[in-house]
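These are my notes from one sitting with a single model. I went from one contact to the next and wrote down what I looked up.

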Amino acid sequence: MHWTRFLLAVVLSGLAATFTDWLFMGALFHKKYIATPEIWRIKPGESDTRSIMLSSLLGVLSSAVFLFFCVWAGIIFSHRATLYTSLLLWVAAPVPIIFSNIVWIKMHPLLGVSHSLGWLARFVVTGMIGNWLIH
């Protein structure tokens, strides 16, 4: 594996996923967050910059791990295999956690849908960028 290309793929997928995160986990159904302010750490009007930065760093880490898994498994060379892997890992990891949170936390179900779709978008974007750069 060419590590420079791998790191470039991680950085680019992290940047691209920042926009998909903003769309799915921030803008989509934004009013549903406001409906339950008591469950969020920050209060309305407080800065959420620190939380956004930490979430973004965790997202870049997840993109790196996903890309490394695809390279390790030898599927980075096939768009179809990368898409299937995106779907499988999405169903195996973020979907159950997010919907378990919906069951136990006073969170609107549409937020669960949007967060889940955001994770799927992250995996798909990361896989496609990895196919493009690492292949």
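**Entry 1: Thr85**

I began with Thr85, which touches Phe66, Phe69, Cys70 and Ile75 once residues up to four places away in sequence are left out. I note here that the model is a predicted one. Thr85 has its place in helix 4, residues 79-92. Is Thr85 buried or exposed? It is buried, with a relative accessible area of 12%, because the limit for buried is under 20%.

**Entry 2: the chain as a whole**

I then stepped back to the fold. I found six helices and zero strands in the protein chain, and along the sequence the pattern reads α-α-α-α-α-α. The radius of gyration is 16 Å, close to the 14 Å that the globule rule gives for 135 residues, so the chain is as compact as a globular protein of that length. Along the principal axes, the C-alpha atoms fill a box of roughly 45 × 30 × 20 Å.

I looked up burial for the chain: 34% of its 135 residues count as buried. I also looked up contact range. Of the contacts with a separation of 6 or more, 76% are between residues 24 or more positions apart.

**Entry 3: aromatic pairs**

I listed the ring pairs next. How many aromatic pairs does the structure hold? It holds five. One of them is Trp3 with Phe6, an edge-to-face pair at 5.5 Å centre to centre with 75° between the planes. The edge-to-face label applies because the planes are over 60 degrees apart. Trp3 and Phe6 are three residues apart in helix 1 (residues 3-27), which means that about one helical turn separates them. Phe6 is buried, at a relative accessible area of 6%.

A second pair I looked up is Trp119 with Phe123. Their ring centres are 5.8 Å apart and their planes stand at 50°, so this pair is tilted. Trp119 and Phe123 are four residues apart in helix 6 (residues 109-134), so again about one helical turn lies between them. Trp119 is partly exposed at 25% relative accessible area, whereas Phe123 is buried at 9%.

I also noted a cluster: ring pairs link Trp3, Phe6 and Phe68.

**Entry 4: Arg122**

The charged end of Arg122 sits over the ring of Trp119, 5.7 Å from the ring centre. Arg122 lies in helix 6. Is Arg122 buried or exposed? Arg122 counts as buried, at 3% relative accessibility.

I checked what its side chain reaches. It makes a polar contact with the side chain of Asp21 at 2.5 Å, and it reaches the backbone oxygen of Gly59 at 2.9 Å. Beyond four places in sequence, Arg122 touches Ala17, Thr20, Asp21, Gly59, Val60, Ser62 and Ser63.

**Entry 5: the nonpolar core**

I looked up the largest nonpolar core, which has 16 residues. Which residues have the most contacts inside it? They are Ala9, Leu67 and Ile134. Helix 1, helix 3 (49-73) and helix 6 are the elements that give two or more residues to this core. Helix 6 supplies its largest share, five residues. For background, nonpolar side chains in soluble globular proteins tend to be buried together.

I followed Ile134 further. Leaving aside neighbours within four places in sequence, Ile134 is in contact with Arg5, Phe6, Ala9, Leu67, Val71, Ile76 and Phe77. Phe6, from the edge-to-face pair with Trp3, is thus one of the contacts of Ile134.

**Entry 6: two spot checks**

Ala16 has its place in helix 1 and is partly exposed, with a relative accessible area of 26%. Ala16 touches Val125 and Ile129, not counting residues up to four places away in sequence.

Arg50 lies in helix 3. Arg50 is exposed at 65% relative accessible area, whereas Arg122 is buried at 3%. From C-alpha to C-alpha, Arg50 and Gly26 are 15 Å apart in space, and they are 24 residues apart in sequence.

Note on methods. Residues are numbered from 1 along each chain as its sequence is written. This is a predicted model: local features need pLDDT of at least 70, side-chain atom pairs count only at pLDDT 80 or more; totals for chains, interfaces and linings use all residues. Side-chain values use heavy atoms; hydrogens and water are left out. Rings of Phe, Tyr and Trp (its six-membered ring) pair if their centres lie within 6.5 Å; planes under 30 degrees apart count as stacked, over 60 as edge-to-face and the rest as tilted. Buried means under 20% relative accessible area, exposed over 50%, partly exposed in between (1.4 Å probe, protein chains only). A charge sits over a ring if NZ of Lys or CZ of Arg is within 6 Å of the ring centre and within 35 degrees of the ring normal. A polar contact is a pair of N or O atoms within 3.5 Å; within protein, one must be able to donate a hydrogen and the other to accept it, and residues adjacent in sequence count only if both atoms are side-chain atoms. Contact means heavy atoms within 4.5 Å. A nonpolar core is a set of buried Ala, Val, Leu, Ile, Met, Phe, Trp, Tyr and Cys residues joined through side-chain atoms within 4.5 Å. The radius of gyration is taken over C-alpha atoms; the globule rule is 2.2 Å times the number of residues to the power 0.38.
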